[in-house]
Amino acid sequence: MPEHRYDPRAIEPKWQAIWEREQTWHVSNDEATDLPKSYVLEMLPYPSGEPHMGHLKNYAVGDAVAHFHRRTGRRVLHPIGYDAFGLPAENHAIRTGEHPRDSTAQSIAQFQREFREWGVSFDWSREFATSDPRVYRWTQWLFLRFLERGLAYRKEAAVNWCPKDATVLANEQVIDGRCERCGTLVEARQLEQWFFRITDYAERLLDDLATVDWPEHVVTMQRNWIGRSEGAEVTFRCEELGIDYPVFTTRPDTLFGVTFFVMAPEHPDVLRLAAGTQHEQAVREYVNRSQTEDGAERGAAEREKTGVPLGRTVVNPVNGEEIPMWVADYVLMEYGTGAIMAVPGHDERDFAFATRFGLEIRRVIEGGDALPYAGDGAIVNSGPRFDGMQNREALDAIVAWLDGDGRGHRSVNFRLRDWLLSRQRYWGCPIPIVHCDGCGLVPVPDDELPVILPDVRDYKPKGRSPLATAEEWVHTSCPRCGKPALRETDTMDTFVDSSWYFLRYCDADNDEAPWDPDVLARWAPVDQYIGGVEHAILHLMYARFFVKALADMGHLDMREPFNALFTQGMITREGAKMSKSKGNVISPTPYVERYGADTARCYILFIGPPDQDADWSDSGVEGVHRFLARLWRLGAELAENGAPGPLDASTDGASGDDLELLRKAHWAIDKVTGDMSGRFAFNTAIAAVMELVNECYSRRDGASDPALRFATATAASLIFPFAPHTGAEVYQLLTGERVWDEPWPEVDPTLLVRDEVEIALQINGKLRDRMPAASGADREQLETLARARPRVQAHIDGKDVVRVVVVPAKLVNFVVR
RNA sequence: GCCCGGGUGGCGGAACUGGUUAUACGCUGCCGGCUUAAACCCGGCUGUCCGAGAGGACGUGUGGGUUCGACUCCCACCCCGGGCACCA
């Protein structure tokens, strides 16, 4: 007998070559078909270095879903691409001088090689990198559509500035308030920036979360991020200067408790208000200090409140009181109006501030032992009109009253801010805008797109984007008047690229438009999106915004980009997150080389529920490898006894080991199918196939060849979504067929039920005996049988049987006293 | 502080809507077979405690509760992981 050795190094390349040659996973956009579509998508990788365990997990999950959908009668779009613009490649360029295009291309080649070695069933015909001009041409085109629509605009905004390197820094480059590279304290600078008006969509982004099949915690995170608050806008007037200051409050019921008024240090009127007062100098110093301070530090809720008086007053519109104005950094310019009414009696922060500076604290709602009290209760100290009302009613009444003479009105506020998309960076999509002295901001005409990213010599930003050094490129002529003009040198945030890439996959060859809406409608939206939870907020929010905005512009017709979302857990090493700095990163490559891709893929799914974090263990890998080897060996040995041919799945007259084996096979079909339908229980699905293979081994001597073949081929067919090479190989050895062309195995429900089952016999809920019984036996029969058992009799003899609980086919429980 | 997720054997984990002995499957460990030998492979055992044994008692973070019956439901608490955090 020849040696049977499972050799993934022979099996895997063989099948990969077939899939490559035959373009097995390619789907065309024209093919007419009755099959329902399924768009399965893993988040596109950022190509830096080589793939890691997180990638392996991501694509193992996605591929299992794709294969399962295909074999259960769906036409599956399963594309791949690369999020190729971005900071790591640029930082690498700053260090080494290597063009980001080159280092990125190398990394992409590495990803491509490994994806193929993993046997992932991608439709490679739609592959692209977002840094390809053929793609970013449309990123620019989309930007211009947003601009036309008023959804892209320019305004001054604070950015992180390193005075030593004379550069703008991305938020991620600011570590503890200091420049990542030189350690200098970072300052805030006001610069003109491009924004997307995502806040216009806040309400819809919030509401439509209800229409989407996403993990609850991701929905919650998005909800909190959008942060909708209902309340009122109320106007306080500074009589001395004759200026109205509106504030937003969620608690207009506490208006009579307002004892001071606070503005954010960034508020444009702060210096003007203080001018000429005795506090002018102190205010100036305070404002400067808070501007240079790190945002994270300033935002810490525990730290002691700071602030200075402005030397002015405003009038509380509900009672005409003059209250002092302050400037304090606990008020944020970005939220609401940048100014607040302070109610120290019923707000913790205002209370802390008032205590620190000796300001009046007034109770206007009853309840709680001490102030501040944030709960509900009856209104007091708020005048005869409102005193005695419940605060919730008073809230509406006070707003209505103010609204009557224009001093306030209902209002909704969102925490969500507009999306700052400009980056003073080289390796990104150029913003297709020309600055003309005469015409102002002029969009580059569509037929001149793409604005190609030029080569530069020095990638280091010097206060402006490195693109500013590409003199020839920067100096252009105005598309409108033809006079000399300058190109915009900022590039776009890479989140812009990833906000629409999944649309491009649907029509990736289109050079006339980013996509043809009819073609898009054949595939989009994504039916199952799979990726890391770290993108739960930004990427998913931005992509949702893009789809909604593009729908409004008529470029597509859908509400949400990702119908269902699955977020995978991390792969850890000895419980710790893998990171380069810790030096505990393990690459999939050695495992793929040593055990084969199927083993690595199966193991990463078998290790635990895929939405949870899981710890990598080398000995666990070996166990999964052993299982695949057992399956393969079983197939190889059976194949030796006879030529491949159709399976004989008949159960007529089957008995003994044959019947038990067939039962187990159908049990496994049922289990795996259930675990994959709407769930992601890959770990238990794989365990079920393991059980089936174990059953084959233990019944090998007693079972017939057709039964063994059926059971083994079924195991191969069921494992295929997780271990495609081994599944295909074993299935072909036994049947001569390609498993992916075969429909998903169908369960025979009659084999799931047994004629005779074991019934648990309990006395007062405690198990005392077991007995065999016909599975169809009814309650009475079971009770009669149970009463005849000696061990049951021993326990109920001489006692009162108060009640008998019978669960057919499961148990009989005697309640005795 | 707030919002999520989670606490089950030596380890990763299973138990779908409360219903048979809780711990499937895999790992680890132990025993046996194969082998000149080892590896591979094949078969078996492996929750804890008491007991020579048959057997018994206890066991799903802790404490209560509901129920004939609770890993599963309810209340309170403890611990771990993640996210948000002065948003008025």
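The report below goes from the whole chain to single elements and then to single residues.

## Overall make-up

The model described here is a predicted one. Chain A holds 26 helices and 32 strands, and its C-alpha trace spans about 100 × 85 × 50 Å along the principal axes.

Of the 817 residues in chain A, 52% count as buried.

## A four-stranded parallel sheet

Four strands form an open sheet in the order E2-E1-E24-E25, and their pairing is parallel. Its edges are strand E2 (75–77) and strand E25 (562–568), each of which pairs on one side only, and from one strand to the next the twist averages 20°. Helix H2, made up of residues 53–71, packs on this sheet and touches E1, E2, E24 and E25, while its direction makes about 175° with that of E1.

Strand E1 (residues 37–42) and strand E24 (residues 526–532) run parallel and are joined by three bridges, with Val40 standing opposite Gln528 of E24. On the other pairing of E24, six bridges join it to E25, again in parallel, and here Tyr529 stands opposite Leu565 of E25. Although E25 is an edge strand, six of its seven residues are buried, so E25 is largely enclosed by the rest of the structure.

## Gln528 within strand E24

Is Gln528 buried or exposed? This residue of strand E24 has a relative accessibility of 10%, and because buried means under 20% relative accessible area, Gln528 counts as buried.

The surroundings of Gln528 can be listed by contact, leaving aside its neighbours within four places in sequence: Tyr39, Val40, Leu41, Val65, Ala564, Leu565, Phe566 and Phe680. Among these contacts of Gln528, Val40 is the residue that stands opposite Gln528 in the pairing, and Leu565 is the residue that stands opposite Tyr529.

## Helix H5 and its ends

Helix H5 covers residues 133–148, a run of 16 residues, and reaches 22 Å from its first C-alpha to its last, which is close to the 22 Å expected at 1.5 Å a residue. The buried residues in H5 are Val135, Tyr136, Trp138, Thr139, Gln140, Trp141, Leu142, Phe143, Leu144, Arg145 and Phe146.

Both ends of this helix have a local feature. At the start of H5, a side-chain oxygen of Asp132 comes within 2.9 Å of the backbone nitrogen of Arg134, and just after H5 the residue Gly150 takes a positive phi of about 80°.

## Packing of helices H19 and H22

The axes of helix H19 (residues 597–606) and helix H22 (residues 682–698) come within 7 Å of each other and cross at roughly 120°. On the H19 side the meeting residues are Cys602, Leu605 and Phe606, and on the H22 side they are Phe682, Asn683, Ile686, Ala687 and Met690. By class, this contact of H19 with H22 has seven nonpolar residues, one polar residue and no charged residues.

In an α-helix, residues three or four places apart point the same way, because there are 3.6 residues a turn. The residues that H22 brings to the contact include Phe682, Ile686 and Met690.

With a relative accessible area of 30%, Ala809 is partly exposed.

Methods
Residues numbered from 1 in each chain as written. Chains lettered and ligands numbered in written order. Predicted model: local features only at pLDDT ≥ 70, side-chain atom pairs only at ≥ 80, totals over all residues. Heavy atoms only, no water. Axes fitted to C-alpha atoms, helices over the stretch in contact; angles between N-to-C directions. Helix = DSSP H or I, 4+ residues; strand = E, 2+ residues; numbered from the N terminus. Contact = heavy atoms within 4.5 Å. Nonpolar A, V, L, I, M, F, W, Y, C, P; charged D, E, K, R; others polar. Pairing = 2+ DSSP bridges. Buried < 20%, exposed > 50% of the residue type's maximum accessible area, 1.4 Å probe, protein only. Expected span 1.5 Å × (residues − 1). Polar contact = N/O pair within 3.5 Å; in protein donor to acceptor, adjacent residues only side chain to side chain.
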